[in-house]
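Subject: Structure handed over, with notes

Dear colleague,

Please find below the structure I said I would pass on. My notes come after it.

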Amino acid sequence: MLVYSPSQAVCCVSRPYKHDYVTWAREIATASKSHPNLTGWTVDDYGYDLRTFTPAYVKQMTAAAKAINRSLKFVPTVYYGQFTDAFIAEQIPLLDGVVFPFRDEPHRDTSWTWSLSYQVKQLAKRLPGTDVYLMPYAHPLSHAAQKPTVAYVEAVTRKSLEHVRAGELAGVVQYKLPFLAADAGWTRPATDNLARTGDGRLSFVVQTKTATEAGMSCGASRQVKLTSGAAKRSVSFWHRDGRDTGHPAGYHVKQLLLNGRVMWQRDVTADGTAWQQVTVDLTAALAGATSATVEWRLYERKGVSDYFVDAGVDDIVATGLQLSDPGVENAAAWTAGLVRKGGPVYCSAQVYHRDYGAELGARLAGLYAAA
Ligand SMILES: [Ca+2]
Ligand SMILES: [Ca+2]
C-alpha cells in the first residue's frame, strides 16, 4: 500500500488520514490482520520529507503498526541520491527495507538501463542486511524525455530479477503497471509513434533543462558483415529532428561513424524538421575489410544548458553489408550496442506499442514465471 508524502500535496493527498502517518500505520496494520496479502506499506517520495519523518516520528509510526502486526513491513520510497551517509546512519535502522525507484540518477530518464547494475551493487554494499525493492517505471516519469517502452521496462525488470537471484535485491515492485484494460496507460495514443515507418526508430535525445558538455555523445552501434564480392557498399537511412535553421547551430550534431570514424554529419539545425534521406558511400573505406562497426550518434559539439532535441533515425538500407532489423522494429537488436559517453545524451530504440499494457503484461509474466 502506498501513502503520499507531505511534499506531494500539490498533486496528491492520501485520504482519509492525510499526513497523519501514525494513524496510517495503525490502520494499515489493522487492515493487514484481515488481509494477509497486505504485507507492507510505503510512503512515496519519503526521502524528500525527512523534516516530517524524523527518527522520533518514524519510531512512533512503526511502534503503532508493530503493536498490531509485528510482521507488517514499512518500506518507504527513497531515490538513489538520497542514500546519504546521514540517511543510512539515522533512518535505515528504523526501516524494514526501502523501495528504490530506478531513474538513472544523477540524470532523469526512462530509456537508459546501463547504470542499473552499478547502482544496485552500490546499495547492496552500503545497506547490508537491508531489503531493497527495485521499482522500474512502467508509467511515465514526470520530466523524463520519453515514456518507458515495453522493451525498457522488460530490460529493467530482467536485470532486477537477476539481482534478486544474486541476493542483491529483495524484490521488484512495478510502478503503476497498467494491469487491466480500464487502467490509465493501458493503450498509448498513435501520436506517441514517432517512427517514419512501422512502430520503431532510433532516438537520440538531450532533454529540456539538461546541461551537457562538448564531447558528450550517445550512439547506436552495430557490427555488420560485408557481403563478399559486392562492388558497392553504402548505408542509406532517414533522419529527422525538431530543429530548423531558426535555432542556434553548433551544438547538437547527428553523425554516422564507420569503425569509429565520422563518415557523415549534419547539425540538427540543418535540413528542416521533416524526414530526410541520406546515402553514405562506404565502398572505399571498406576496401579489403570483412566486417565493420557502423554507429549512428548524437554528438555535442558544444555544451548546452537547455536545448531539447530528439533526433530520429529509421528505415536503414544497407548495400553490400548485412544488418538485421534495419527498420528498428526490435529494440533488443539495438540495445546491446548503445554507447553513451560522458553524460545525459540519451539514445535508444524506441518501439511503440499501441497495446502497451497487454504487451508489457505478457512479457513481464514471462519473466516472473521463469524467475
Ligand atoms: Ca521503423
Ligand atoms: Ca533539423
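Overall. Please keep in mind that this is a predicted model. The chain has 371 residues, of which 36% are buried. DSSP runs give seven helices and 17 strands. Taken along the principal axes, the box that the C-alpha atoms fill is roughly 80 × 45 × 40 Å. If one takes the contacts between residues at least 6 apart in sequence, 80% of them join residues at least 24 apart.

Domains. At the contact between them, nine residues of domain 1 meet 13 residues of domain 2. On the domain 1 side, the residues that touch domain 2 are four nonpolar, four polar and one charged.

The sheet E4-E5-E6. Three strands make up an open sheet with parallel pairing, in the order E4-E5-E6. Strand E4 (98–101) and strand E6 (171–172) are the edge strands, each with pairing on one side only. Between E4 and strand E5 (residues 132–135) there are four bridges, and the two strands run parallel. Val99 has Tyr133 in E5 as its bridge partner.

Helix H1. This helix covers residues 21–34. Which residues of H1 are buried? They are Tyr21, Trp24, Ala25, Ile28, Ala29 and Ser32. These residues lie on the same side of H1, because the arc they cover around the axis is only 125 degrees. Lys33 and Ser34, on the other side of H1, are exposed. The cover over the buried residues of H1 includes strand E1 (2–3), strand E2 (40–43) and helix H2 (55–66).

Helix H5. Residues 150–165 form this helix. From first to last C-alpha, its 16 residues reach 22 Å, close to the 22 Å expected at 1.5 Å a residue. Its buried residues begin with the run Val150, Ala151, Tyr152, Val153, Glu154, Ala155, Val156 and Thr157, and also include Lys159, Ser160 and His163.

Helix H7. Helix H7 spans residues 356–370, and Gly366 is found in it. Is Gly366 buried or exposed? Gly366 has 12 C-beta neighbours inside 10 Å and therefore counts as exposed, the cut-off for exposed being 12 or fewer. The C-alpha atom of Gly366 is 9.9 Å from that of Glu154, although 212 residues separate the two along the chain.

Regards

Technical notes. Residues numbered from 1 in each chain as written. Chains lettered and ligands numbered in written order. Predicted model: local features only at pLDDT ≥ 70, side-chain atom pairs only at ≥ 80, totals over all residues. Pairing = 2+ DSSP bridges. Contact = placed C-beta atoms within 7 Å. Nonpolar A, V, L, I, M, F, W, Y, C, P; charged D, E, K, R; others polar. Buried ≥ 20, exposed ≤ 12 C-beta atoms within 10 Å, placed from the backbone. Expected span 1.5 Å × (residues − 1). Arc of directions from axis to C-beta.
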